[in-house]
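Here's a quick tour of a few spots worth a look.

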Amino acid sequence: MGGYNFRPTERFDGSTIWDWLTTVDHKKIGILYVGSGLIFFLIGGVEALLIRLQLIVPDSGFVTPETYNQLMTMHGTTMIFLVAMPLLIGIMNYAMPLQIGARDVAFPFLNSLGFWLFFVGGLLLNLSWFFGGAPDAGWSSYTSLALNDYSPGPGVDYYVLGLQISGIGSLIGGINFIVTIVNMRAPGMTYLRMPLFTWTTFVTSALLLFAIPPLTVALLLLMLDRLFGTGFFSVALGGEVVIWEHLFWIFGHPEVYLVVLPVFGVFSDVISAFSKKTLFGYLSMVFATVLIGFIAFMVWVHHMFTDGLGAMANTIFGIATMAIAVPTGIKIFNWLFTMWGGKIRFTTAMLFSVAFIPTFVMGGVTGVMLAVVPADWQFHDSYFVVAHFHYVLLGATVLGLFSALYYWWPKMTGKLLNETWGKWHFWLFLFGFHLTFLPQHFLGLYGMPRRVYTYESSPMVDNINMISTIGSLGMTLGTIFFLYNIVVTQKRGQRAGADPWDGRTLEWTIPSPTPEYNFAQLPLVESYDPLWEAKMNGDGKVPAAEPLGSIHMPSSSYLPLFISIGMFVAGYALILHSYFVAVIGMIVVFAVMGVRSFEVDHGYHLEAEELTGSSNLSGKGVHGR
Amino acid sequence: MRQMKKWLVLLCSFLGISVSAGCTDANLSVLDPAGPVAEEQLWLMKLSIAIMVVVFLVVSVVFVYVVIRYREKPGDTSIPKQVEGSTILELTWTIIPIILLVILSIPAFRITFSQTEIPPKEESITINVIGHQYWWEYIYPDQDIRSSQDLHIPTGKKVNLVLRSDDVIHSYWAPNLGGKQNVIPGKDVPLVLQADKPGIYKGKCGKICGSGHALMNFRVVAQTPAEFDSWVQGMKNPKSKATSEKAALGETLFSQNCMGCHAVSGGGFKSQGVVGPDLTGFSQRLLVAGVVENNRENLGLWLENPQSIKPGNRMPAFEFLTDEQRDGLIEYLMNLK
Ligand code: HEM
Ligand SMILES: [Cu+2]
């Protein structure tokens with residue numbers, strides 16, 4: 001066997017840490033995403049709490065205006081890029097291949113690369129707190145505020161390079177999911193038998209594919225302006241500042257659907273499972289998902305209604321924005337009618353999904369109000385908008401993430417999260433959330449602009465800010481219950497069987513935690529909700545599509561980690577304007593890619609005897625028909 | 001008792017009964033319009049709120065019913081009927097929202113067009129607004145005057161603002177008089193406002209523009225056309241000469257320390273600085289730096305340490321002035337009319 005086969009890593013092989021650093025198993029990568037997403041959630045949450053503490057009374061000197069702007073920027077950036085996206089990608093990574101009956105994702109190596117790029121990007125961004133100052137121009141970093149003239153420190157450079165690196169990771173993840181869903185569905189799993197979470201993963205991945213490139217371009221141009229003095233966004237040098245807004249929102253608007261569509265999938269699966277009913281209006285749900293994904297690209301200008309783009313442009317984009325309410329409304333009613341006539345079990349996962357419905361309707365209707373252009377001239381950049389997008393981001397994405405975590409946690413760890421602690425978590429978080437953000441609609445109407453470290457004292461505004469801060473303490477408390485729950489149940493939690501929730505989809509046919517090969521035999525799918533079908537009309541086991549045989553597995557690789565380290569070095573060097581080191585970093589990146597291209601690695605096989613518990617499906621071999 | 005009243009007001013306003021904290025005081029509330037532009041916008045908000053409340057209530061009623069009615073009862077082991085969907089229902093909740101959106105969008109977009117129309121010259125006044133970190137400059141091209149921080153406008157007339165920024169993006173927002181628009185470098189953005197009653201209205205910068213963003217305030221002084229004209233005349237022929245010995249000291253100090261950045265027209269200074277606000281007629285200003293009330297004490301504090309009043313602003317501290325010198329400067333500025 002010819003080719004390159006140098007292994008400098010012999011010594012670490014076999015240690016647990018090395019195992020996690022080099023894994024290409026979609027399940028471990030999913031857990032890595034979830035773990036790092038949760039850590040960033042704590043960081044972003046502490047930032048939010050500090051923001052709210054500063055605003056508890058007017059003229060408070062708790063943090064300086066500069067620090068406030070840094071906290072606000074890092075909070076937004078962290079929550080969007082390092083919490084919502086990775087947690088969702090992590091859950092997709094874990095659950096989606098199981099839902100379609102696949103043994104892995106299409107490109108395990110790339111999957112690992114995607115994770116490590118995201119991770120080093122996030123790390124780089126957060127190092128700004130310690131070395132040179134965090135970015136402070138808002139998560140949207142509008143030029144010209146984000147240019148050297150007005151943000152002279154390295155803060156915005158951290159933003160540009162951190163997001164650039166983690167953006168590449170997200171793009172890779174998206175491509176990987178698309179190929180996986182197109183190519184690796186189990187026999188019989190047609191597109192219209194895919195669970196809704198898989199469908200939303202599919203559409204979300206397509207959004208990633210089209211939304212990340214404009215961001216990449218925008219960040220690249222900003223980097224050139226900041227590091228090399230080009231003038232894309234500098235009016236003095238003949239550039240245009242509004243171009244940044246277009247590029248940013250052509251990415252940024254789909255981005256907010258990116259973080260909301262997957263949880264629509266979660267809600268569909270969870271609500272159906274805990275109502276003991278098949279999803280109402282499956283086809284219209286799929287259609288609505290695709291439509292929302294499509295319109296998401298048509299509405300970016302609604303972030304720019306106050307830029308004087310003209311009545312015609314504003315009207316067209318206003319109508320497009322309102323149009324999104326229609327497919328979203330379809331979804332809401334389909335969920336309600338999934339529960340209608342069902343038998344609803346209020347587990348913690350279900351509570352989070354159920355609470356989402358009215359919460360998200362609130363966020364949705366204020367969204368329509370914002371699309372009324374002349375009204376938006378009052379709402380825009382006020383606390384009304386802050387309330388609106390938290391209703392959508394927290395009320396959908398975060399509630400959905402919690403729901404998904406409680407739902408799939410047993411599959412991921414083999415242990416059930418404690419329901420009592422879970423309910424404490426739920427009620428405190430939900431109550432705190434509404435207490436924080438409902439009053440903020442009124443702050444906007446009373447004229448409080450967003451992104452301000454202080455406000456003019458008046459009885460109303462003072463009271464509302466006080467209430468809002470108290471609410472954020474409630475959310476904090478809820479989150480503490482969640483963490484406590486994780487820690488305690490990891491040690492002495494109740495063991496979960498293969499199917500703790502009386503599930504309907506394929507992931508509940510295999511043991512918890514999932515064995516490394518997922519399915520000993522690939523399942524044969526004959527309907528939507530295959531497991532439910534098997535329970536109702538068979539022996540409770542989904543038929544197998546193949547005889548028990550040896551399974552091919554990809555081998556672990558340290559190369560993704562090394563590529564990411566190279567990128568990290570290059571990124572950091574650019575921030576420090578040390579171009580020589582940056583070149584070295586990139587050389588490492590390309591050298592490792594070179595190693596990868598010459599590597600001969602056929603993976604390995606697990607033989608049938610090694611498969612623990614062997615077959616978990618019914619039928620001994622190809623299901624005859 | 002006072003406490004109770006406070007909470008009552010809070011409760012009422014949450015329920016949308018009382019519309020604003022106090023209609024007499026200047027405020028920033030969009031619920032308290034003082035001119036046709038803001039009134040129309042408030043009307044649209046009310047329309048959209050009404051429609052959206054209906055939507056929310058319908059969903060909530062179904063929601064509450066479902067959640068209570070269909071919870072699992074202990075001991076009941078039956079399997080619910082698996083319903084795949086219903087075309088009629090699904091069509092219903094597709095078509096009704098579309099109708100509601102059409103009802104909302106027709107007035108919304110008619111007003112979008114009418115409010116962005118540039119009013120005819122005879123019925124309006126044009127003012128150029130220039131945003132700076134973190135203060136506002138106004139140029140009245142037809143009156144040939146320049147001022148800063150307080151925007152003086154005549155009542156009953158459409159005010160056609162032409163916004164542009166000198167540095168980063170700001171946003172000009174006077175909630176009582178009309179919406180906000182971004183103030184962008186290298187681009188003119190129009191904003192039409194109108195005040196019906198004379199009065200003083202508050203305004204703020206709406207777009208994050210750096211560390212001083214939160215305090216980038218301004219006031220709109222709406223005056224009857226006659227009062228406005230006399231203000232214009234005053235600005236054209238300002239009283240900018242020292243009238244006392246104390247003020248004369250201030251005038252000298254001003255020419256030595258301040259005019260590089262600030263302008264005072266009619267004072268005979270060699271240069272008319274443009275880095276800071278134009279101080280012509282300073283005594284009529286309502287606020288120092290847009291933040292604190294304009295009085296001698298606050299002005300003294302400002303001269304000594306501008307950062308303590310408005311963090312992030314570009315003015316250096318003049319803490320080296322003796323008390324006498326500072327008093328002289330204050331005297332001089334307070335006599336600019
Ligand atoms: C833990 C509860 C949270 C609290 C108390 C909180 C509070 C806040 C506050 C007070 C602001 C600043 C508003 C301003 O000054 O403009 C803010 C901004 C923001 N938040 Fe949150 N937030 C929370 C969670 C989240 C989550 C989960 C997300 C996203 C998934 C999120 C996304 C954002 C974004 C995008 C911004 C805008 C930042 C910017 O303007 O650059 N927040 N949040
Ligand atoms: Cu500003």
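Ile111(B) touches Pro374(A), Glu40(B), Trp43(B) and Leu44(B), leaving aside residues up to four places away in sequence; contact here means heavy atoms within 4.5 Å. Ile111(B) sits in helix α3 (residues 87-116) of chain B. Helices (H or I, at least four residues) and strands (E, at least two) are DSSP runs, numbered from the N terminus.

A word on provenance: this is a predicted model, where local features need pLDDT of at least 70 and side-chain atom pairs count only at pLDDT 80 or more, while totals for chains, interfaces and linings use all residues. Residues are numbered from 1 along each chain as its sequence is written, chains are lettered from A and ligands numbered from 1 in the order in which they are written, and side-chain values use heavy atoms, with hydrogens and water left out.

| Item | Value |
|---|---|
| Ile111(B), relative accessible area | 1% |
| Ile111(B) to Leu44(B), C-alpha atoms | 8.9 Å |
| Arg219(B) to Glu456(A), nearest side chain of opposite charge | 4.3 Å |

A salt bridge takes a side-chain nitrogen of Lys or Arg within 4 Å of a carboxyl oxygen of Asp or Glu. Lys and Arg count as positive, Asp and Glu as negative; His and the chain ends aren't counted. Arg219(B) touches residues including Glu456(A), Asp150(B) and Tyr201(B).

Note on methods
Buried means under 20% relative accessible area, exposed over 50%, partly exposed in between (1.4 Å probe, protein chains only).
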